[in-house]
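Student: Could you show me how to read this model, one feature at a time?

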Amino acid sequence: MAQDRVIKYKLIAVGGSAGSLEVILKIVGVLPLNEDVALLIIVHRKNDGESILADLISTRTKFVVKEIEDKETILSGHVYIAPADYHVLFENEKMFSLDSSEKVNHSRPSIDVSFESLAEVFGENAIAILLSGANADGAHGISKIKQAGGFTIVQDPESAEVDFMPQQALEQMKPDKILNSAEIAGFLQQLFQ
Amino acid sequence: MEAILVKDEEVELLINELAQRYGYDFTNYARASLRRRINRLITIDRIPSFAELIYRVKNDADYLTHLVEEITVNVTEMFRDPFVFKLIREKVLPVLATHPFIRIWHTGCATGEEVYSMAILLEEANLLRKSLIYATDLNPSVIENIQRGIFPLNRMQQYSENYVLSGGKKDFSSFYTAQYGFAKFNQKLKDKMITATHNLVSDRSFNEFQVIFCRNVLIYFDKVLQDKVLKLFDDSLEKLGFLILGSKESLRFSPIAKKFVQVEKEKIWRKIE
Ligand SMILES: C[S@@+](CC[C@H](N)C(=O)[O-])C[C@H]1O[C@@H](n2cnc3c(N)ncnc32)[C@H](O)[C@@H]1O
């Protein structure tokens, strides 16, 4: 992070797959979301027609948790969940849009798709975090965030329940931080104090 | 090896070109998806530059068709969101049964998986014989598939699971015969289907219906176009007719909202005035 200049982070995006839920709940639990920043969570899962994930996450935070609907307005202090079977894109800094096109990396929602769009729209005002998973989704996207000047964190593969996803990312790029799950939560807590 | 990325101005240039020369008006499409589709096309077709893309659009009619097909997303499945189809069985079919004649319109129906799903529901309720199902889409080549009634065999397992979740009681394979990696659906299902091209941006209402499906099309439009299209649906729906949208779409914020009530928590609305 540039020390000489204060960057205003407006959006934190967390991507994960197998084994990431624990970490996500930990992050959500401590994150002091304030007026300035919103959180987007992209996890691979089956479409069961229910919003179990949103309900689960709601139990860990006092912030509003929402599964994204078409053209949802992005409000700070909110936690947004990518809906099953849709890719989440950023129309601009204030609006999500959804896309039901082909799966990417066998996934919809795809972390790559959202991270690439995040890089284009938020550039250096984005933080991207890539967690445990058994698939290569997210590795390309997090490189794009890095290239666009955003802040990048990859879960330490050693600490990940499934190390493939963070490992793939580390083969493609050098993130700003490689942290275990407790450290990720702690780091964010500090950053937004 | 990174592909080139189109710039915002280039997206606008292409949109202008398509509108002015070819009458495909994407002006009010949401830009994030449109830009991503154009980038994807450039990568897949190995187009070396934006200028080359424009050149092909201008000089190669087949390429133009291909481009329009690719930037409008045609991904679909049978009994997508099975619980919506369950609610259709429970709440919509009993109402339709009271009509002497049933007219249904699937807009943006893509390759027809949704249309066949509805035909199966109607057939099971013994209503297909008195129904007409209009299936329309912007892309002519996509809807050709509806008349063929052929879908990839490797998707059938998932469709069968969806069908069961929608409340289907039969053996799903009784609706088709398998041949050469394809599932050919029973002739009977398509006898009541009428296919045509219809562009929601520029074409008008052409009939009155009891049910209109428009699922996963509005997500590609901006609010202005969404409101315009919803008005078109209102004009094309009978009083007490049903409007069925995609699982993340809503008419809540549109001017027609006050004339409709939502049926339970699925994306089905009934026109009450
Ligand atoms: C993602 S598919 C939805 C298919 C199906 N309704 C479903 O939900 O599974 C979107 C469809 O909308 C069509 N479409 C896009 N713009 C349109 C327009 N202006 N008029 C009519 N159809 C349009 C596309 O060609 C595509 O087939």
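Student: Which residues of α2(B) are buried?

Tutor: Buried means under 20% relative accessible area, exposed means over 50%, and partly exposed lies in between, with a 1.4 Å probe and protein chains only. In α2(B), the buried residues are R31(B), A32(B), S33(B), L34(B), R35(B), R36(B), R37(B), I38(B), N39(B), L41(B) and I42(B). The helix is thus mostly covered, with 11 of its 14 residues buried. Please keep in mind that this is a predicted model, in which local features need pLDDT of at least 70 and side-chain atom pairs count only at pLDDT 80 or more, while totals for chains, interfaces and linings use all residues. Residues are numbered from 1 along each chain as its sequence is written, chains are lettered from A and ligands numbered from 1 in the order in which they are written, and side-chain values use heavy atoms, with hydrogens and water left out.

Student: What covers the buried residues of α2(B)?

Tutor: Contact means heavy atoms within 4.5 Å, and helices (H or I, at least four residues) and strands (E, at least two) are DSSP runs numbered from the N terminus. The cover of α2(B) includes β5 (87-92), β6 (95-99) and α3 (111-122) of chain A, together with α1 (8-22), α3 (50-59) and α4 (61-71) of chain B.

Student: Where is the kink in α5(B) centred?

Tutor: The bend at a residue is the angle between axes fitted to the seven residues ending there and the seven starting there. In α5(B) there is a kink of about 40°, centred on I88(B), and I88(B) is one of the buried residues of this helix. The buried residues of α5(B) pack against β1 (102-106), α6 (113-124), α8 (156-165), β7 (209-214), β8 (237-245) and β10 (268-271) of chain B.

Student: Where does UniProt place the feature "active site"?

Tutor: UniProt positions are given in the numbering used here, feature names are shortened, and annotations may be inferred rather than shown by experiment. The unreviewed UniProt entry places this feature at S17(A), H44(A) and D137(A). Although they are spread over 121 residues of sequence, they cluster in space, the largest C-alpha distance being 9.6 Å.

Student: Are S17(A) and H44(A) buried or exposed?

Tutor: S17(A) counts as buried because its relative accessibility is 14%, and H44(A) counts as buried at 19%. S17(A) sits in the loop between β1 (11-16) and α1 (21-30) of chain A, whereas H44(A) is found in the loop between β2 (38-43) and α2 (52-58) of chain A. Not counting residues up to four places away in sequence, H44(A) touches several residues, including S17(A) and D137(A).

Student: Why is the ligand site shared between chains?

Tutor: A residue is near a molecule if one of its heavy atoms lies within 4 Å of it. The site is shared because residues from chains A and B surround the ligand. Of the 22 residues around the ligand, Y29(B), N74(B), T76(B), R80(B) and D137(B) come nearest.
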